[in-house]
Amino acid sequence: MFDLSSYNTFNLHVSAREGIEIKCTEDLLALDLPLSEPYIILGGGSDVLFTEDFDGLVLINRILGIDVQKVELSPSTLPLNELDQAELFYEVRVGGGVVLDDLIVGLLQHGICGLENLSLIPGTVGAAPIQNIGAYGVEIGDFISSLETINLRTGEKRIFTHDECQFGYRYSIFKEPDFRSFFITHVNLRLSNSFVPQQNYAGLQSNEFKDAFAMRDRVISLRNEKLPNPKYVGNAGSFFKNPYVSKETVEKLQDAYEGKVPCYLLEDGNYKLAAGWLIDKAQCRGLRHGQVGTWGKQALVIVNLGNAKPHEVVALARYVSAEVKSKFGIDLVPEVRLYGKHGELAWDQI
């Protein structure tokens, strides 16, 4: 058995039948492809919950390397928020196993901006596009020009363009069953040397930032104020997605809570509600059941308070979801990816 305790930030004591660290594309091509299922691909394990031991193969992305190239781009291909200010643009090719925050620090030290709002998010660069991770008004997909992959079913290499990735809120095409066999070996990012502060998030709006380092420092401060460090408290970050609801639902909530409902208008006229606020108002912040609980400073985070078992995490998540449903009539769906004995599970399968 392969111990997965150090490969999931919930720090749950779970195992797999077999595990292999992939350090280069040749390691993948040396496998006996197509792989027999079940198998899964892991980066840092920061967005996953194993509900039990996994009876299959785990491939752990440890492909490193960062290559930076200056490029000349036409106005039609420039990032929209940088058309007027950028002086230099860069194509940055990153190995999928590179730690995201290490990449951000390294880029900033060379004057390359854009990812600073994603500072301190745990996990690897190769895993980031799958969930299209985001924080403080920025998503990784905003900067991805293409992804290099190997299909574990065929051994074929394929490059996915930005549009082919179909990025959305905590979504990419790689979450679909037919695309889970694509191992992301490298991520290609388009960045610039111009710092354009993204301050849509309320905690950033009142600040003036002289440079990207100042933005990074503020983002880190915000994260440390509200979120537990997985090095010390097992967790997978935000457990649930922020739900999308209708204008009518928001208006009813605003009436009930005197206009103090955190929500964000979407292009289609619906609204995105803060799941953490819903959980808090459902009296689920700071809960403790056995060895699991919700974080006292951010109800959206479920934490391992000691030697938690997977079924305890699932039970608490179910309870929180049920309480929100009972109070507001709104369904919460996990942001974390769920894995059972035979592979990835949907929320209604556990």
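Hi everyone, let me start with Y201: its relative accessible area is 26%, so it counts as partly exposed. For that term, buried means under 20% relative accessible area, exposed means over 50%, and partly exposed lies in between, with a 1.4 Å probe and protein chains only.

Before I go on, this is a predicted model, where local features need pLDDT of at least 70, side-chain atom pairs count only at pLDDT 80 or more, and totals for chains, interfaces and linings use all residues. Residues are numbered from 1 along each chain as its sequence is written, and side-chain values use heavy atoms, leaving out hydrogens and water.

Now, the rings. The structure holds 14 aromatic pairs; rings of Phe, Tyr and Trp (its six-membered ring) pair if their centres lie within 6.5 Å, and planes under 30 degrees apart count as stacked, over 60 as edge-to-face and the rest as tilted. One of them joins Y136 and Y201 edge-to-face, with 4.7 Å centre to centre and 85 degrees between the planes. That pair links distant parts of the chain, 65 residues apart: Y136 is in the loop between β8 and β9 (138-139), and Y201 is in the loop between β12 (182-192) and α5. Helices here are DSSP runs (H or I, at least four residues), as are strands (E, at least two), numbered from the N terminus.

Next comes a tilted pair, Y257 and F328, at 6.4 Å centre to centre with 40 degrees between the planes. Here F328 is buried, at 16% relative accessible area, while Y257 is partly exposed at 23%. The charged end of K327 sits over the ring of F328, 5.8 Å from its centre; the rule is NZ of Lys or CZ of Arg within 6 Å of the ring centre and within 35 degrees of the ring normal.

R318 lies over the face of W347, 4.1 Å from the ring centre, and W347 forms one aromatic cluster with F10, F239 and F240.

Last stop, helix α6. Which residues of α6 are buried? They are A212, M215, R216, V219, I220, L222 and R223. They sit on the same side of α6, because they cover an arc of only 160 degrees around the axis, taken from the directions from the helix axis to the C-beta atoms. These buried residues pack against α2 (100-109), β8 (134-135) and α5 (202-205), where contact means heavy atoms within 4.5 Å. Thanks, all!
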